[in-house]
Amino acid sequence: MYSPEAYAQAFLAHREPLLELLDRIPPEQGSYAPWPGAMTVIQLADHCFTGSERLRGVLRGEPGAMQARFEPSSDLRAAALRLREQKEALAQELRSLDSERLAGRVNAFGRELPLFRVIDALREHEIHHKGQLWVIARELGVEPPFFVRLA
């Protein structure tokens, strides 16, 4: 289990390059999907947003936070903007936790888990979809930034 600051830094280390990548993808490519039925670039960005918003709901103790639904973004720039606006709010919420709260149990994924496990799972979920976006960017001829911010 990390410290609250380490959780915030781990989140930011991945969110920053994701935002940089989304800025590099031409807006008209937002509806690109690599195969029929796959999520589009916009849908993947929205999916990352949704996961983080659900985590924010869990952190605030909102019942049903893991089932919360959100409106889709109108375009790629809108999807990137809401991820950017969400970034600092989530980082601050992670920083506000303490060790006792991180070890405390919450309801998520259909079971009771320590909060730090839920944070880990949702961060890893975003990293998974971020990896998909890296591959898609290369398919579109876009050179992605380095995958993680190391400092």
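A salt bridge here is a side-chain nitrogen of Lys or Arg within 4 Å of a carboxyl oxygen of Asp or Glu. Please note that this is a predicted model: local features need pLDDT of at least 70, side-chain atom pairs count only at pLDDT 80 or more, and totals for chains, interfaces and linings use all residues. Residues are numbered from 1 along each chain as its sequence is written, and side-chain values use heavy atoms, with hydrogens and water left out.

The structure has 14 salt bridges. One of them joins aspartate 120 to arginine 123, at 3.5 Å from N to O. Because they sit 3 residues apart in helix α5, about one helical turn separates aspartate 120 and arginine 123. Helices are DSSP runs of H or I with at least four residues, numbered from the N terminus.

Arginine 123 is buried, because its relative accessibility is 15%; buried means under 20% relative accessible area and exposed over 50%, using a 1.4 Å probe and protein chains only. Arginine 123 also touches Tyr2, Tyr7, Ala10 and Phe11, leaving out residues up to four places away in sequence. Contact means heavy atoms within 4.5 Å.

Next, glutamate 126 pairs with arginine 15, with the closest N and O atoms 2.8 Å apart.

By contrast, arginine 138 and glutamate 143 form a salt bridge at 3.5 Å, and both are exposed.

Last, leucine 19 in helix α1 counts as buried because its relative accessibility is 2%.

Technical notes:
Helices (H or I, at least four residues) and strands (E, at least two) are DSSP runs, numbered from the N terminus.
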